[in-house]
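Walk through this model in two steps. Start with how the chains meet, then turn to the build of one chain.

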There are 2 protein chains.
Amino acid sequence: MTDALTPAEFAAAGHEVIDWIARYLREIDQYPVLSRVTPGEVRSHLPSSPPAAPATWSEIFSDFEQHVLPGMTHWNHPGFFAYFAITGSAPGILAELLTAALNVNAMLWKTSPAATELEQLALDWLRQLVGLSPGWFGITTDTASISSMLALAAARERRPDLEIRQRGMAGRTDVPTMRVYCSEHAHSSIDKAAIALGLGADNVVHIRSDAEYRMRADALSDAIAADRARGMLPLAVVATVGTTSTTSIDPVPAIAEVCRQHDVWLHVDGAYAGVAAMVPELRPIMAGVDQADSLVMNPHKWLFTPVDCSALYTRHPHILKRAFALVPDYLVTSVGDEAVDFMNYGVQLGHRFRALKLWAVMRAFGSDALASVLRQHCALAAKFATWVEAQPHWQVVAPVPLSVVCFRYAPPNASPEAADSLNMAILDRVNCTGRVYLSHTKLGGRAILRLAIGNARTDESHVAEAWRLLLDAASQVSVARQ
Amino acid sequence: MTDALTPAEFAAAGHEVIDWIARYLREIDQYPVLSRVTPGEVRSHLPSSPPAAPATWSEIFSDFEQHVLPGMTHWNHPGFFAYFAITGSAPGILAELLTAALNVNAMLWKTSPAATELEQLALDWLRQLVGLSPGWFGITTDTASISSMLALAAARERRPDLEIRQRGMAGRTDVPTMRVYCSEHAHSSIDKAAIALGLGADNVVHIRSDAEYRMRADALSDAIAADRARGMLPLAVVATVGTTSTTSIDPVPAIAEVCRQHDVWLHVDGAYAGVAAMVPELRPIMAGVDQADSLVMNPHKWLFTPVDCSALYTRHPHILKRAFALVPDYLVTSVGDEAVDFMNYGVQLGHRFRALKLWAVMRAFGSDALASVLRQHCALAAKFATWVEAQPHWQVVAPVPLSVVCFRYAPPNASPEAADSLNMAILDRVNCTGRVYLSHTKLGGRAILRLAIGNARTDESHVAEAWRLLLDAASQVSVARQ
């Protein structure tokens with residue numbers, strides 16, 4: 001017994017899978033975007049106990065098609081407009097195939113030099129594309145959640161005199177309460193990171209934002225000063241370039257100045273929007289980021305790279321390393337300092353060869369085409385916003401700086417609460433068509449619909465269809481309520 | 001512009017990649033296991049700036065073959081005996097290909113019901129295979145490092161009266177110093193988890209082990225009692241089933257009894273060895289684990305599943321959820337309690353569709369064959385140990401309960417220090433042949449060689465070759481030193 005399939009069987013099965021995927025990518029439009037199964041349905045079709053005997057790949061694949069596929073929500077569908085839309089692009093898929101076959105763990109330089117060096121190269125390419133200066137150290141992680149957690153851990157380690165790495169925070173009277181600041185529109189991953197790191201959810205200070213959902217630098221400065229006066233330690237500020245609800249862009253230059261004055265670590269969450277800085281006319285979104293201490297951008301969000309691929313950058317790799325380097329006897333190597341061992345820069349010892357797909361995507365598209373797709377997404381969002389604005393009883397409720405539109409149906413005789421219900425009913429109807437999938441958020445306590453463009457295969461026809469379905473649903477819902 | 005390749009171009013490129021991988025898997029024996037490049041070499045062959053224009057897949061693949069491949073250390077090589085050997089098996093590779101094409105984020109049940117339900121099913125299959133009782137909740141993460149960190153975070157949350165999630169640990173006088181206990185042979189990820197969680201490296205108590213490198217339950221009990229007497233809070237014990245250096249198995253039943261008496265959370269690290277319990281005669285390694293509170297096993301280690309796939313189990317999902325559930329407005333769904341939203345059980349919001357490969361591997365092999373490969377690996381390790389024992393001046397330095405052998409060359413006239421150097425020199429020579437890759441550890445301060453069997457394609461010929469090369473290297477090294 002060696003592998004479950006011989007190389008020849010693998011090749012035969014592989015050709016079928018490749019052809020299936022080519023067809024899937026061609027005909028993906030014909031799948032319902034949002035799965036229609038009910039909870040427990042997928043599992044009910046599959047045996048509850050593991051098989052003792054081997055199955056052929058055909059049998060496995062047939063079960064995949066029959067029982068698994070109907071339970072998929074198709075994130076790779078061009079009508080996927082929920083959350084942040086993403087893309088498993090062709091070069092990304094092919095590179096992931098190679099990554100699975102090579103199956104390396106790039107925990108040490110030595111355990112796969114090319115995985116480490118290609119990652120350093122690809123992340124430096126990305127740095128150049130978004131216009132950051134040299135001197136940033138990059139490492140991939142699986143998610144922005146982890147990238148931001150590592151950044152905040154580095155911020156915590158910035159004060160070695162507190163000896164938090166060594167002595168922890170509990171049971172000590174000599175460690176002040178530590179505070180993290182972000183806007184009220186920052187991503188929940190910041191709160192989760194503070195929870196995980198033992199800082200506490202209460203110590204994430206959600207700074208109020210302006211009318212366009214951007215953190216107010218003056219309020220930030222006041223909050224830091226007030227905490228200082230109370231004997232607390234301002235640990236880090238998280239500015240967001242592209243918030244989740246509205247893609248608002250915090251005023252990073254002003255925030256960076258506040259951080260400089262108060263000597264606080266600045267982490268920038270550009271998980272969704274950071275990559276848009278490669279579009280020349282959008283380059284200003286990165287203003288001030290070069291003054292930050294750390295930054296996260298997710299190529300698996302808006303850069304056509306299959307999940308997972310989050311890019312964490314810091315200008316202080318020695319601090320990140322001080323926070324996490326720990327080399328047990330069984331992982332000692334003697335390669336020397338010119339080689340980076342990624343395991344020393346985070347919690348995770350295992351390190352996937354994610355660089356291959358990021359590198360393949362940047363090469364297969366080329367930066368001109370990447371910028372052109374991102375520009376096109378923003379143009380489509382702007383166009384959708386004009387359709388909404390031109391339609392009676394519909395309104396765009398937040399600026400549209402990038403590729404996401406927040407909007408709402410607000411018929412004149414409906415109370416705000418009734419309009420909330422109408423919008424959620426419209427959303428349900430639209431998503432039930434299987435043609436598009438949108439999600440929602442809340443702004444000022446009100447239910448808001450979101451159209452998020454980010455799939456490379458999305459074109460105007462898909463956006464127009466979403467709008468048509470929304471209008472249809474609104475008229476049906478309104479009739480139903482009369 | 002849509003994707004970088006049309007579906008037809010994808011298919012053509014995909015067929016070539018599949019054929020290349022089939023050949024790679026067939027001829028993998030002909031690659032040097034350990035890459036021979038020097039630091040910076042891979043990167044020096046590649047342009048330092050990103051291309052503006054697109055490249056064809058042929059161009060990308062040609063650079064991959066020419067510049068990247070020589071820099072890979074081949075973890076999928078049957079002569080890979082370092083760390084813990086792993087396998088990117090054929091069904092696992094094909095499933096990863098599908099996962100990349102579907103490219104879903106299973107953060108919520110709704111965002112891909114089948115991904116969530118197949119994960120619950122596959123993890124329940126694995127639970128059954130290793131003989132654990134029902135009632136364990138499973139979730140995959142990317143690495144055992146994260147799985148163990150989440151388990152310890154749950155242990156911390158077990159005392160809601162301390163309000164650590166909400167208020168954190170810093171700047172408080174009402175939170176005692178919290179302690180985590182593991183053996184001196186526990187994995188470094190436990191220390192890293194304690195560092196990340198803000199518990200502090202000093203508060204990981206490394207309990208001494210017996211002559212066979214197993215945690216001493218009496219020493220554990222004493223340490224917990226002593227800490228209690230000092231007003232500290234014993235938070236969690238981490239028992240290891242299959243330690244990294246020697247694969248020793250901590251006495252979980254006795255440790256579980258200590259944990260019960262002291263009311264302490266018990267986490268079991270079975271990242272490498274847990275899966276071996278599916279071999280009937282190895283089932284006893286799981287004794288006592290059903291009394292634990294959490295458990296990690298890594299299918300991407302010894303279960304032929306491509307990285308990443310770590311399985312975290314807990315008998316208290318409500319505590320794990322209490323530690324991490326946080327639902328922002330933009331992620332509220334109305335599916336109901338019967339659907340599990342994985343984002344509520346950890347730090348990471350993004351959740352790859354890892355279940356597909358784990359399910360495909362279990363189906364393609366079937367549990368009888370899985371057990372038979374694991375059994376065969378253990379038999380090969382036992383055989384290698386007899387060869388070592390039978391050879392003058394060589395010794396097996398630790399019991400061989402599973403598939404890893406710790407051994408050492410100890411010529412009679414060499415001091416322990418000189419023998420250390422000889423062993424490291426032997427290791428270097430053997431690894432430089434490119435035929436096998438072994439790693440080392442330290443036991444009792446002495447350099448020890450490790451042969452770790454875990455690749456599905458490894459057979460007796462590879463183990464025999466490793467032994468032949470070790471003997472050759474020893475004779476060369478000894479001559480060189482005379």
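**Two chains and their contact**

The contact between the chains takes 140 residues from chain B and 140 residues from chain A. This is a predicted model. Which element gives the most to the side of chain B that touches chain A? Helix α1 of chain B does, spanning residues 7–27 and supplying 15 residues. By class, that side of chain B has 78 nonpolar residues. Another 41 are polar and 21 are charged.

Next, the relation between the copies.

Now look within chain A. The domain assignment gives domain 1 as residues 105–352 and domain 2 as residues 367–481. Taken over C-alpha atoms, the centres of these two domains of chain A are 32 Å apart. Domain 1 of chain A puts 16 residues into the contact between them, and domain 2 of chain A puts in 15 residues. What classes make up the side of domain 1 of chain A that touches domain 2 of chain A? Ten of its residues are nonpolar, four are polar and two are charged.

Notes
Residues numbered from 1 in each chain as written. Chains lettered and ligands numbered in written order. Predicted model: local features only at pLDDT ≥ 70, side-chain atom pairs only at ≥ 80, totals over all residues. Domains from an automatic or database assignment. Contact = placed C-beta atoms within 7 Å. Nonpolar A, V, L, I, M, F, W, Y, C, P; charged D, E, K, R; others polar. Helix = DSSP H or I, 4+ residues; strand = E, 2+ residues; numbered from the N terminus.
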